[in-house]
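User: Hi! Could you walk me through this protein with a few questions and answers?

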Amino acid sequence: MSANGAIAEAMKDENRIHIIDFQIAQGSQWVSLIQALAARPTGPSQIHITGINDSTSAYARGGGLDITGEALAVNFPFTLHHMLDESVSTCNHRDGLLRLVKSLSPKVVTLIEQESNTNTTPFFPRFLETLDYHTAIFESIDVKLPREHKGRINVEQHCLARDVVNIIACEGAARVERHEVLGKCRSRFLMAGFMPFPLSPFVNATIKTLLESYCKNYRLEERDGGLYLGWINRTLVASSAWH
């Protein structure tokens with residue numbers, strides 16, 4: 001929702017919009033944004049959405065994209081941490097992708113990532129960080145879903161368990177779950193030539209109200225240009241926007 005709010009604000013005066021989504025899945029994120037843009041007093045926009053689920057594809061390298069005459073937005077939802085950086089490869093795909101996106105002159109780039117430090121951390125502190133992070137995740141799930149719930153079991157077995165194993169048991173290029181805190185991501189974006197883009201206060205307030213109605217243990221904090229979602233005293237997710 002915070003990403004949609006930033007994109008809606010950046011595109012409020014645009015009639016032709018192109019969104020590149022690095023992890024589009026079923027595209028459900030964009031339903032509310034399309035509805036909001038269609039309801040504008042100035043009339044609906046022409047919207048073109050390109051979904052990229054493979055960060056090594058030709059599209060991810062900028063090939064085959066035609067954005068002529070379109071205002072561009074790029075969305076990175078829980079995907080940038082899968083790109084290897086300078087600690088693993090001299091190619092540094094993570095910073096390279098950000099420089100490529102900057103060369104496309106987007107009006108806004110949105111970033112949503114786990115607020116966890118597992119990229120270059122040695123094994124033991126990485127193990128403790130993973131334990132602390134996922135303890136909070138499982139506690140938050142406990143609030144609404146019983147442990148025998150089929151949907152929960154599916155998520156735990158095929159998503160969370162896989163991530164934990166990769167973070168703890170793998171090294172080098174085999175470890176693809178390489179999370180960084182927003183402070184480190186901010187440095188990467190600034191080095192690539194981006195500047196912070198303000199998140200919508202109205203959208204942030206809406207998110208906070210929804211969380212409070214869901215469970216009081218969730219917390220939402222705005223600081224340093226980012227929006228942080230947490231469970232009790234543990235920050236779980238951070239979102240930010242850039243241009």
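Analyst: Gladly! Helices (H or I, at least four residues) and strands (E, at least two) are DSSP runs, numbered from the N terminus. This is a predicted model, in which local features need pLDDT of at least 70, side-chain atom pairs count only at pLDDT 80 or more, and totals for chains, interfaces and linings use all residues. Residues are numbered from 1 along each chain as its sequence is written, and side-chain values use heavy atoms, leaving out hydrogens and water.

User: Which pattern does the protein chain follow along the sequence?

Analyst: The secondary structure comes to seven helices and seven strands. Read along the sequence, the protein chain gives α-β-α-β-β-α-β-α-α-α-α-β-β-β.

User: What is the radius of gyration of the protein chain?

Analyst: The radius is taken over C-alpha atoms, and the globule rule is 2.2 Å times the number of residues to the power 0.38. For 243 residues, a compact globule would have a value near 18 Å, and the protein chain agrees with this, at 18 Å.

User: Is aspartate 95 buried or exposed?

Analyst: Aspartate 95 sits in helix 3 (residues 93-103). Buried means under 20% relative accessible area, exposed over 50%, and partly exposed in between (1.4 Å probe, protein chains only). Because its relative accessible area is 12%, aspartate 95 is buried.

User: With which side chain does the side chain of aspartate 95 make a polar contact?

Analyst: A polar contact is a pair of N or O atoms within 3.5 Å; within protein, one must be able to donate a hydrogen and the other to accept it, and residues adjacent in sequence count only if both atoms are side-chain atoms. At 2.8 Å, the partner of the aspartate 95 side chain is the side chain of arginine 188.
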